[in-house]
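Let us look at how two chains meet.

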Number of protein chains: 6
Amino acid sequence: MPTVYVTRRAHFNAAHRLHNPAKSDEWNVLTFGKCNSPNWHGHNYQIEVTVEGKPNPETGYVVDLGALHRIIDTYILEKCDHKNLNLDVDFLQGIIPSSENLVIAFWNQIAPHIHEGKLVSIKLFETARNVVEYRGNE
Amino acid sequence: MPTVYVTRRAHFNAAHRLHNPAKSDEWNVLTFGKCNSPNWHGHNYQIEVTVEGKPNPETGYVVDLGALHRIIDTYILEKCDHKNLNLDVDFLQGIIPSSENLVIAFWNQIAPHIHEGKLVSIKLFETARNVVEYRGNE
Amino acid sequence: MPTVYVTRRAHFNAAHRLHNPAKSDEWNVLTFGKCNSPNWHGHNYQIEVTVEGKPNPETGYVVDLGALHRIIDTYILEKCDHKNLNLDVDFLQGIIPSSENLVIAFWNQIAPHIHEGKLVSIKLFETARNVVEYRGNE
Amino acid sequence: MPTVYVTRRAHFNAAHRLHNPAKSDEWNVLTFGKCNSPNWHGHNYQIEVTVEGKPNPETGYVVDLGALHRIIDTYILEKCDHKNLNLDVDFLQGIIPSSENLVIAFWNQIAPHIHEGKLVSIKLFETARNVVEYRGNE
Amino acid sequence: MPTVYVTRRAHFNAAHRLHNPAKSDEWNVLTFGKCNSPNWHGHNYQIEVTVEGKPNPETGYVVDLGALHRIIDTYILEKCDHKNLNLDVDFLQGIIPSSENLVIAFWNQIAPHIHEGKLVSIKLFETARNVVEYRGNE
Amino acid sequence: MPTVYVTRRAHFNAAHRLHNPAKSDEWNVLTFGKCNSPNWHGHNYQIEVTVEGKPNPETGYVVDLGALHRIIDTYILEKCDHKNLNLDVDFLQGIIPSSENLVIAFWNQIAPHIHEGKLVSIKLFETARNVVEYRGNE
């Protein structure tokens, strides 16, 4: 069977702030602009997780999308949805929650739990105009 | 000239929390669920402002959409974008920032400044699934 | 408090066929074209339910959108999602499942259960290009 | 049978320029800004036509959407798609092609040909952010 | 001339059911859940076909998108639109119509007919949340 | 730090016409169809620029998206927005403005100015259905 890439999209809503505590307030404002706003702002994040694999001849599935969704839900959405990404999320402690850092952290969260197919990409949309993608340490 | 309805769409990203300080923590959790999460969450808000009027025969415009956008920008976006709607916005002090309360407050913010056409509707999208509309005290 | 219109969007995927059993096959093909295809076709339906009301001063809500979603889920989605609208749905028995007939039937399904706010509109998107709206017997 | 509102969406791509030939070049630049750019610009226009009526008990249709699409196609798309709205369109001669003027002209084009249902609204999206609606001489 | 990737998007509406006739009903329900619903369900499928090639200096085209659309229309849409993917489609006989199996079958349908450019990807959206991509036997 | 792909989306509205002046009018009409319409037509173009790089540990950024937007704005949008792509744009002189040729020209415009991260892809949407992508001379 040939290789197919399967993508599941999910959403969560969270607050965050870009701030490097090792730097001065001036540096932070200059570097991050309004994204450094002290009382947080937030986004409707959209996440797209892609796994590759060969369809199982008995099911036609590379992966059960319901099972993939439960992995995303358990290890990302349950921890991030309606939360503050700087304060509330165990696996983001000490990380500046830029989209780049988030997408890498999300990869590390779910990769160990994906046993059907191989995780090959996570895309994170902070807004419709700003998107990041991580493809692992290829 | 006949009446035409003209709509301008804009966006802002903000943090908020649904919480009634006059009530107990139990009441707030029970009432607002995860929207009461203490360290805030956030949204990519989308706002659509509609004015009605008769096209000016010299321009074909009911309203200069650039001017309408500047009103939205000055009185809503500049004050709300990348801000905390509970803490940072002068015209939202003492208001629970539900979408319903926000859309009424946004109306009161821009209505006095719209002199071309008549403000007839503001829609606010908190997410793609949750939308409110206010049409003024008809 | 002023009146606000609150909309919740939901989705379901279903099969259907446009066919009037009181008419000849020729009439059905002529009238419904490929929508009369005998072995069914299907759609990702999108439904938007709007209620109007005055925000509750204690919550800022016209309606708890979670509760509204549960009504839509119980009385529409649970019965229609991944089903055949001609064969499987109790409240659609004997109804040609055109979008117009569906949106009226959906109204009748959920209207008796909406006690917060007043149901004022249901929109049904069969595709992005074909949409119907029912506003009740105004 | 109750009243239902049925909407059909269509698209066309056209060039235009906002310019009032009775006015000076200075006035035109000041009034229309970059929309007055002399060598034209263009848009992917989206049009949404809504008719109201009672579903026919034999079909469940307010209107045959295929027939409605053919009216939109014949009287609007065929004349405007891949055309210059200032130069090429017979029914727009002498009209400044603002969205407001276009939507009124489109109404006048198709209203005489709609015999099933009653035309109640045309929306025209110049961009995702700029939308006009005409509801006739209500 | 450098290589450019050109994508054409198309749509069709179809019914299907996930069911492996070699397995028991219990296995099918357990494996496919509501996607195994006996009387079919359906989707608005979106397909995106990508070809790569070097733009022809005389036209600026890698491929005439009208010609590419006609290939998609003839070999996929005409056979699948408003049809039952389990029952009605010659090239899907004996195939469980999962998105993975569909996208491979679609590739095999159109690949022999693409003579301008090289087919490099087909994406199939079953819903906005569930997407598959096939890139051929790379 | 691992590699992340960062994408910024932007928009512009422009007129164009597909025409090869070295060929006869008959050839042009036959080849380009309605895209050869003499008085121009136009589009709401959407452009997506992707750069790859390793997040800076001090900022979490691969690239400052504000800076990337200013490059897109200065070298593409300022020159193309509300312009005629055949007549008005210095860097498109002598180029048939097909999407393929445009996306290559846009790459050449901005590549020299991107010093944070490495430009790896530009996508250009002429409409929602027609998209091209250029990945450079890989």
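**Where chain E meets chain A**

Between chain E and chain A, 11 residue pairs, both at pLDDT 80 or more, are in polar contact (a pair of N or O atoms within 3.5 Å, one able to donate a hydrogen and the other to accept it; residues adjacent in sequence count only if both atoms are side-chain atoms). This is a predicted model: local features need pLDDT of at least 70, side-chain atom pairs count only at 80 or more, and totals for chains, interfaces and linings use all residues. Residues are numbered from 1 along each chain, chains are lettered from A in the order written, and side-chain values use heavy atoms, without hydrogens and water.

Q: Which element gives the largest share of the side of chain E that touches chain A?
A: Helix 1 (25–32), helix 3 (99–110) and strand 5 (130–134) of chain E each give two or more residues. Helices (H or I, at least four residues) and strands (E, at least two) are DSSP runs, numbered from the N terminus. The largest share, five residues, comes from strand 5.

Q: Which residue is the bridge partner of Val6(A) in strand 5 of chain E?
A: Strand 1 (residues 4–16) of chain A pairs with strand 5 of chain E, antiparallel, over five bridges. Pairing takes at least two DSSP bridges. The partner of Val6(A) is Val132(E).
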